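Hi,

Here is the structure I promised to pass on. Please open it first, then read my notes below.

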Amino acid sequence: MAIEKDISRREFIKSSTALTTGLVVSFYLPRADAKIVDRFEPGNAQDKFEANAFVIVKGDDTVVVLSKHLEMGQGVYTGLATIVTEELDCDWSKVTVEAAPADASRYNNLAFGPAQGTGGSTSIANSWHQLREAGATARAMLMMAAAKEWSAPLADIVTSNGQVFHHKSGRSLSYGQLVEAAKKTTAPKSVKLKSNQDFKHVGQNVIRKDGAEKVNGKAMYGMDLNLKDKVYALVLRAPLFGATLKTFDDVEAKKIKGVREIFRIPQGVVVIADHFWPAKMARDKILAKWDDEEALHKSTADIREEYKELLGKSGEIAATHGALAKSKEDAVQTVEATYEFPFLAHAPMETLNCVVQLEKEKCTLWTGDQFQTGDQMTVAKLTGLSPQKVIINTLMAGGSFGRRANSKSDYIAEAVEIAKATKTNSGRPIHVIWTREDDIRGGFYRPFFMHEVSAGLTAENKIAYWDHRLVGQSIMAGTAFDKGGIDHTSVEGLSNLAYDTESLQVELQSPKLQVPILWWRSVGHTHTAFSAETMIDELAHLAKIDPAQFRLIHLTKHPRRQEVLKQATLMANWGRKLPAGVGLGVAVHESFKSFVSQVVQVKVSGKTFKVEKVWCAIDCGIAVNPDNIKSQVEGAIGFALSAALNGEITLKDGHVEQSNFHDYRPIRIHDMPQVEVHIMASEADPTGVGEPGVPCLAPALANAIFAATGKRLRKLPLTLT
Amino acid sequence: MNTSAQTSTTVQVTFELNEKSVTVDVDPSTPLLWVIRDHLNLTGTKFGCGMAQCGVCTVHIDGVATRTCVTPIGSVAGRKVQTIEGIHDKVAQTVQKVWVEENVVQCGYCQSGQIMSAVALLRSNQKPTDSDIDKAMGGNLCRCATYARIRHAIHVAAERILKA
């Protein structure tokens with residue numbers, strides 16, 4: 001077993017390397033597995049044709065698409081179903097989507113290597129060829145089956161909307177009628193995929209596959225699972241990062257009716273009860289003493305001072321070109337700026353939760369799992385079971401924004417610790433639920449970052465140099481994704497700065513701090529795009545050139561950025577006369593292989609301001625579901641606006657000062673601006689959508705505030721003082 | 001655990017849930033939310049904050065949109081509670097239909113609450129203005145920020161209900 005686990009671990013690390021270096025593993029089409037079907041329709045395994053691991057055609061003409069990706073709001077179920085439908089040529093109204101089981105041998109993310117997981121805005125991009133092939137193969141097998149039934153040449157068989165036709169004889173059969181015959185066929189070695197111009201589903205606006213069940217309360221999130229004998233668990237966790245439990249007094253807690261068991265695990269004190277509420281009441285009554293000698297006692301102000309000092313020192317070189325010293329001499333005008341970005345919590349609406357059932361031979365989990373393979377490894381290690389004996393049932397997630405994909409598997413590992421430690425609830429399904437306070441104070445934040453930038457212009461108003469220092473915790477350090485050296489996610493968007501400059505230097509320092517951190521929707525771009533896109537704006541003003549024009553002049557090697565920038569400014573009628581107090585700001589950025597430009601219109605009144613409208617152009621390759629892309633961009637703008645206006649997790653003597661939505665405040669409906677999204681026409685393969693809408697908003701807003709007030713805001717969240 | 005040491009008390013509360021009378025025996029401080037979810041197994045009403053800040057737990061109590069995470073069960077005795085599973089009138093059906101057609105949802109976790117608030121608004125205000133919407137929907141957070149579509153869908157639903 002140890003060897004097996006070691007190998008798995010190595011495989012996992014290999015896959016992680018693939019992720020961070022962008023190595024693309026060639027796609028393949030795994031075979032079906034009868035076990036999958038039984039999972040959601042026991043006793044009726046006969047009446048269906050499992051073409052492959054992703055496509056099942058049933059006798060009633062319905063088609064099930066198995067999604068290897070977590071549906072957490074990004075619309076991936078609809079996107080994957082669209083891709084399959086396009087090539088399978090089936091009836092869209094009869095397509096449903098189910099979560100695939102956790103099995104990296106068939107359901108790995110091709111952008112991650114041999115690991116199943118959802119993230120990095122890769123779901124559609126990595127599935128594009130794979131699911132087209134899956135759909136086309138299934139179609140080919142149905143056609144072969146029909147040809148055999150009719151003793152007709154395959155060349156004369158055609159399909160349309162879930163039917164197979166032989167026009168010469170006037171015969172036809174539905175896909176469902178061919179299920180039995182199709183089972184006897186063998187998958188062809190290769191299939192011909194459609195030409196882009198023949199697409200009937202890709203590029204159309206469709207209703208989301210998960211729309212209906214999300215408006216009538218029927219959608220099944222991890223939180224909603226109702227299992228026989230299920231019990232509920234809450235955990236009292238350390239008030240400081242790095243503190244450990246010394247002792248606890250549960251005398252009062254035990255008096256609560258419905259409490260079943262109170263015990264300790266490494267993460268804190270666990271209360272198991274018949275229901276959530278008694279568990280919560282009991283947890284509130286536990287008096288715990290913590291050993292905080294090794295814990296973090298710092299305040300945000302201390303971290304700020306330390307990082308400021310570090311900015312004065314040289315870091316590791318993340319990128320360098322040109323002769324910096326000489327370019328600095330060439331500069332006739334210079335600008336310097338310091339930026340600050342706070343810790344940010346993801347705060348998905350569905351708080352973290354996980355149902356775990358640990359039995360002798362297996363461990364079963366039900367949760368909105370975002371990183372199945374990593375979680376299987378972690379649970380295998382904790383339980384001594386092989387990863388194959390860790391069964392993960394992926395349910396819908398009420399948002400994630402990165403929080404549910406954690407290479408430390410934090411909340412899942414904790415649930416398994418509970419299942420291991422319980423004495424009187426062994427073998428039962430245990431539902432571990434986090435409260436909002438647990439979530440906001442639980443760490444795994446977007447790291448606190450500071451940047452210092454010095455840049456200069458030549459006499460010709462070209463960028464002479466760009467000297468950029470960053471200080472902030474490394475997200476990848478110490479995880480399976482750590483490959484040593486520069487953490488690319490700390491400098492992405494800067495180390496590959498698109499603007500032409502004689503010299504560029506990007507230096508990174510990644511201090512260690514006990515605050516747990518994690519990727520947060522668009523990861524490093526959440527801060528790198530801000531400093532890059534506000535600094536370019538400062539340079540434009542220094543050069544007395546229109547900021548959009550100045551960008552275009554310096555983007556000579558980046559036509560796709562130029563195009564989205566031109567489009568967004570066209571939509572916003574950039575350059576028009578504006579009333580007093582109103583400003584327009586622009587930003588353009590590439591992330592997750594997609595290109596986005598946004599123009600923000602802000603209205604400033606005194607010390608307050610309101611974002612009135614945002615125009616956005618996105619180039620994400622072929623638009624599989626255009627309306628969903630628009631929806632994602634609208635949402636990303638709102639998500640980014642929450643951070644720009646209010647988002648901030650602060651520490652006071654080590655304690656997280658925020659606790660719930662009254663002091664960690666996502667935007668509300670009245671804050672939401674009008675949003676207009678344009679998707680650039682493209683023949684390129686699809687690229688990221690879920691995250692790329694985030695990075696431009698805050699810098700475009702800061703630039704708009706400058707346009708309206710002449711004030712440069714360089715600290716997030718943005719406040720006028 | 002020795003349950004005889006459990007000295008906290010429970011009470012029997014009877015109320016109407018989606019047009020059926022139900023009786024539960026729970027601690028009187030138990031929020032209606034957890035009674036609906038854990039005891040009566042209707043999970044369309046969600047938990048999000050526990051302090052009436054996010055609105056994902058919104059139901060109608062005697063027709064009024066109410067945050068159940070801070071509504072003690074004791075205060076619900078004899079009252080009429082409607083959850084997302086129990087709204088079937090024309091307003092509700094139209095709102096749900098328009099919500100689907102306009103692709104409002106993303107993760108969807110807040111949408112039961114959004115719909116309960118929107119339905120309550122449209123039952124009392126046939127033609128809400130943007131500022132009416134801000135007021136009625138301001139207590140419902142959506143972390144996916146589907147707000148623009150929520151606003152649009154309310155206007156579309158209002159128009160459709162008026163025409164019908």
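A:P717 lies in the segment after α18 (697-709) of chain A. Helices here are DSSP runs of H or I with at least four residues, strands are runs of E with at least two, and both are numbered from the N terminus. The peptide bond from A:L716 to A:P717 is cis, with omega near -10°. Most peptide bonds are trans, and most residues other than glycine have a negative phi.

Before going on, note that this is a predicted model: local features need pLDDT of at least 70, side-chain atom pairs count only at pLDDT 80 or more, and totals for chains, interfaces and linings use all residues. Residues are numbered from 1 along each chain as its sequence is written, while chains are lettered from A and ligands numbered from 1 in the order in which they are written.

Two residues other than glycine have a positive phi. A:K544 has phi near 55°. It sits in the loop between α14 (525-543) and α15 (547-553) of chain A. B:E19 has phi near 70°. Its place is the loop between β1 (11-17) and β2 (20-26) of chain B.

Are these residues buried or exposed? Buried takes 20 or more other C-beta atoms within 10 Å of the residue's own, exposed 12 or fewer, partly exposed anything in between, with C-beta atoms placed from the backbone. A:K544 is exposed because it has 8 C-beta neighbours inside 10 Å. B:E19 has 10 within 10 Å, so it is exposed.

Now the sheet in chain A. It is open, with four strands in the order β1-β2-β3-β4 and mixed pairing. Strands pair if DSSP finds at least two bridges between them. β1 (48-50) and β4 (95-99) of chain A each have a single partner strand, so one side of each has no neighbour in the sheet. β3 (residues 63-67) of chain A runs parallel to β4(A), joined by five bridges. One of them pairs A:V63 with A:V95. Helix α3 (residues 76-88) of chain A packs on the sheet, touching β2 (55-58), β3 and β4 of chain A.

Last, the contact between the chains. Residues are in contact if their C-beta atoms, placed from the backbone, lie within 7 Å. Chain B gives 54 residues and chain A gives 56. On the side of chain B that touches chain A, the largest share, five residues, comes from α5(B).

Best wishes

Conventions
Contact = placed C-beta atoms within 7 Å. Axes fitted to C-alpha atoms, helices over the stretch in contact; angles between N-to-C directions.
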